[in-house]
Amino acid sequence: MNRLLGWRCSVCGATYAPDEIEYVCPRHGDAGIVDAVYDYAGMAAATPRAALAASGNLSMWRYRPLLPIAADAAAPPLHVGGTPLYQAQALGAWLGLPNLFVKDDGRNPTASFKDRASALVLMKAQEQGASIVTTASTGNAGAALAGLAASIGQPTVIFAPKTAPSAKVAQLLTYGATVLLVDGNYDAAFELCLAASKEFGWYCRNTGYNPYTVEGKKTAAFEICEQLQWRAPDAIFVSVGDGNIITGLHRGLQDLLALGWIDRLPKLMAVQASGSSAIYNAWASGADDITPVQATTVADSIAADLPRDGLRALRAIRQTGGKAIQVTDAEILAAIPLLARLTGVFAEPAGAAALAGLQAAMRDQGSAIAPEATVVLMITGNGLKDIGSAMKASGQATIIEPTLAAVKKALKTIQVR
Ligand SMILES: *Cc1c(COP(=O)(O)O)cnc(C)c1O
Ligand SMILES: [Zn+2]
């Protein structure tokens, strides 16, 4: 059952009834991002923790009683969420962290974490009878919206920077979305999408601006805690662009704490690319507001001049005692084969950035992670999304004549791992 009491503005604290606003607190233009307010007592009484497992549902809808949707709303049929949490023994041994886990969200239907948000947003769009749903995206949010929309026959218009990796553009086109590649960056696409949604009356999924994005993303935090038998980990490393995923994890963990299902909040460790580090900069300087940067990084999914959910991301880091970490593109690229070779999980650059951040945190005395800590790496996107970056990190294959002699010759210079 839907236990949503209303919305609270993350900027000014004003509260609204569930249907009083569509997206944001009207006092701050498009920046008044709102948080859901829940009746936790009612929620806890209606849904004992054990009822989740009893539902038998293995997707994100296992947590349906904790989500702001009507009991009779139909979810898109694709299997979103319920992604594996692997104990990463070899990588953990290599890093000196025996309790290291990898949450593989590249296993989602369109191969990124963004499916969690798009699935819930589409239910809301359908509830409102939206003719067209739109979003701005560096690639993954659009692919997620396009794929899930295809599963329910919902038309979409996607705005992405023209520099988006071709695999992501291929997804958009193949799912049948109307694709507008903007001759500009993600921030330009974001503003244009907002303007178009207002002009044409389209339902807008834009990250952060649409309050249901975070509500869908919360489910990853629910899964991590349940997969660890309801013992919250000590730290979760997650890459950060707009700051909506880390905010989603924070909101989900706060829900679980309010319900009494976990007894403390894990430290949320925000990993940014050094070329797209607006949130890191604010955290490192103790600032309360975010100064935009000119973002350039190989990790396209976390390239954002102005993080749209930056304020809530800063709060997620500070309120959990976490840290912001910046890593170079070289460190991000090096983390792709390291993760793949020691866990079998193939991540796109923004996904592998979580591992690069953990390595950086362990190098840095002040942010050292205790060896016995339970640490989760949130892997947000699949490596097939950006094979160009993977090839840059992993080198070229050897081409040989089709003879055994050629194999023998090649093996003299190649080490078999
Ligand atoms: C969107 C995305 C992120 C960052 O999420 P934000 O909400 O923008 O901070 C990280 N990794 C991948 C693969 C993504 O698609
Ligand atoms: Zn406000």
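This is a predicted model: local features need pLDDT of at least 70, side-chain atom pairs count only at pLDDT 80 or more; totals for chains, interfaces and linings use all residues.
View 1. Along the chain, the donors of the zinc ion (ligand 2) follow the spacing C-x2-C-x12-C-x2-H. Donors are N, O and S atoms within 2.8 Å of the metal (3.2 Å for Na, K and Ca); water is not among the atoms, so sites may look incomplete. Cys 9 (SG), Cys 12 (SG), Cys 25 (SG) and His 28 (NE2) coordinate the ion, at 2.0 to 2.3 Å. Cys 12 and His 28 link distant parts of the chain, 16 residues apart. Cys 12 sits in the loop between strand E1 (4-9) and strand E2 (15-16), His 28 in the loop between E2 and strand E3 (34-38). Strands (E, at least two residues) are DSSP runs, numbered from the N terminus.

Residues are numbered from 1 along each chain as its sequence is written, and chains are lettered from A and ligands numbered from 1 in the order written. Local features need pLDDT of at least 70, side-chain atom pairs count only at pLDDT 80 or more, totals for chains, interfaces and linings use all residues, and side-chain values use heavy atoms, with hydrogens and water left out.

View 2. The ideal angle for four tetrahedral donors is 109.5 degrees. Cys 12 is partly exposed because its relative accessibility is 35%. His 28 counts as partly exposed too, at 25% (between 20% and 50% relative accessible area, 1.4 Å probe, protein chains only).

View 3. A polar side-chain atom of Asn 140 lies 2.8 Å from an oxygen atom of the ligand. Backbone contacts come from Asn 244, at 2.9 Å, and from Ile 245, at 2.9 Å (polar contact: N or O atoms within 3.5 Å). The protein covers 98% of the 380 Å² of accessible area that ligand 1 has on its own (Shrake-Rupley method, 1.4 Å probe).

**View 4. Pairing of strand E1 with E2 and E3.** E1 and E3 run antiparallel, joined by 5 bridges (pairing needs at least two DSSP bridges). Gly 6 stands opposite Val 37 in E3. E1 and E2 also run antiparallel, with 2 bridges. Arg 8 has Thr 15 as its bridge partner in E2. E1 and E2 form a hairpin with 5 residues between them. In the turn, Gly 13 has a positive phi of about 85 degrees.

Terms used:
Helices (H or I, at least four residues) and strands (E, at least two) are DSSP runs, numbered from the N terminus. A polar contact is a pair of N or O atoms within 3.5 Å; within protein, one must be able to donate a hydrogen and the other to accept it, and residues adjacent in sequence count only if both atoms are side-chain atoms.
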